[in-house]
Amino acid sequence: MSMTPPPGWYPDPSTPGTERWWDGSAWTEHRRAPAAPTVPVGYQPAEPQPGFATTVMQPVPAGGGSGGNRAKTVAICAAGAVLVASIVTGVVVLQGDDGDPQGSTAPTTSAVETPSPTESSPAPETSAPDEDPDTIVDQLNGITLPVPTGWEKAENTVGDELTLQTPDTYDCPGDPGLCRQGKITSSTATGTDERSPEKLAKKDIKDAVDAAYDEDSIGREPFGGMTGHQQVKAGTVAVGGRSGYFVRWRVHTEKGPGGYVQSLAFPSSTGSEAMVIVRFTIDAAKGAPPLSDIDKVIKGIRPVGDSETGGGVGNSVEPTP
């Protein structure tokens, strides 16, 4: 009996010595070197347990230590051995005969009760809580995005896609449903090996427009379908210290005022440096957020843990014909 663990960095079953991102349902292609463990003050490595390569930490007794201290040491080592055994079991289940993960097989969590992670048994790293109300953290791609004034973080998202949105909804002018005047998403580019931000952004903009103003994921046309578009701006841009590219379209729809859609592509600064796609959608209607919010978000994108490195929107770049 097992249960699927939450998204996070776990030991890569196909590549020993590395960590791989588990998105909650399947392995992604994001890999990184494992973080160096921190040895707490007053602890030293114990002798490795037979058959295991994992080090268990034990307290250093004062003045040579005996009796009660020795008993505590034995108890800690025993608890560590149980935890190590459960971790090794999970890794073995993940591997096939050739050591590769089997399709979408999840890292298993043993139903046998194991001790809670302590100083002697560090737990796998997962996404840090998104506590700052002014930023949203894309832990997978190693970036943070600022939350513009008048926007909010979406509570429910699909897969690894992180979303910012305007808080109020209105009745869609086309097929029944609720629409919002603004939406921003951040996700990893999938299904392509393209490494050029320019080519990736130019390819993604059509899909972004279709999803925003043409036909949604369940076949509805919230705006009665798209009737046309014009490219109003495109060019290179610095994003969190990396070189990116953006394309912005003005979209016209059968019903309603239409709006603006922008695709931004740039490489992540973490792990395998996967390509990141940030999409922006803003209605061309009264009360909608200003287009300057797009530029503010791009300028405010930072690598996780870096509050200094910024970008710019390339205001000098002329619209592409």
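Colleague: Quick one. What is the relative accessible area of R32?
Modeller: R32 has a relative accessible area of 22% and is partly exposed. (Buried is under 20%, exposed is over 50%, partly exposed is in between, with a 1.4 Å probe and protein chains only.) This is a predicted model, in which local features need pLDDT of at least 70, side-chain atom pairs need 80 or more, and totals for chains, interfaces and linings use all residues. Residues are numbered from 1 along each chain as its sequence is written, and side-chain values use heavy atoms, without hydrogens or water.

Colleague: Which residue forms a salt bridge with R32?
Modeller: E19 does, and the closest N and O atoms are 2.9 Å apart. (A salt bridge needs a side-chain nitrogen of Lys or Arg within 4 Å of a carboxyl oxygen of Asp or Glu.)

Colleague: Where in the chain are E19 and R32?
Modeller: E19 is in strand 3, residues 19–22, while R32 is in strand 4, residues 27–32. They sit 13 residues apart, so the pair links distant parts of the chain. (Strands are DSSP E runs of at least two residues, helices are H or I runs of at least four, and numbering starts at the N terminus.)

Colleague: And E19, buried or exposed?
Modeller: E19 counts as buried, at 15% relative accessibility.

Colleague: How many salt bridges does the structure hold?
Modeller: Nine salt bridges. Among them is E198 with K202, where the closest N and O atoms are 2.8 Å apart. Another is D210 with K206, with the closest N and O atoms 2.8 Å apart.

Colleague: Where do E198 and K202 lie?
Modeller: Both lie in helix 2, residues 197–214. They are four residues apart, about one turn of the helix.

Colleague: What accessibility do E198, K202 and K206 have?
Modeller: E198 has a relative accessible area of 33%, K202 has 44%, and K206 is at 39%. E198 is partly exposed, K202 is partly exposed, and K206 counts as partly exposed.

Colleague: New topic. How many aromatic pairs are there?
Modeller: Three aromatic pairs. One is W22 with W27, whose ring centres are 5.3 Å apart and whose planes are at 70 degrees, so the pair is edge-to-face. (Rings of Phe, Tyr and Trp, the six-membered one for Trp, pair if centres lie within 6.5 Å; planes under 30 degrees apart are stacked, over 60 edge-to-face, the rest tilted.) W22 is buried at 0%, and W27 is buried at 10%.

Colleague: What sits over the ring of Y260?
Modeller: The charged end of R250, 5.4 Å from the ring centre. (The cut-offs: NZ of Lys or CZ of Arg within 6 Å of the centre and within 35 degrees of the ring normal.)

Colleague: Disulfides: how many?
Modeller: One disulfide. It joins C172 to C179, S to S 1.9 Å. (The cut-off is sulfur atoms within 2.5 Å.) The S-S torsion is about 110 degrees, so the disulfide is right-handed. C172 and C179 are buried.

Colleague: Where is confidence lowest?
Modeller: By element, in strand 6, residues 57–59, at a mean of 43. Strand 17, residues 259–267, is highest at 98. The protein mean pLDDT is 75, and 63% of residues reach 70 or more. (pLDDT is the predictor's confidence per residue, from 0 to 100.)

Colleague: Which residues have pLDDT under 50?
Modeller: Residues 70–104 are one such stretch, with 46 contacts beyond four places in sequence. (Contact means heavy atoms within 4.5 Å.) Residues 111–130 are also below 50, with 30 contacts beyond near neighbours in sequence.
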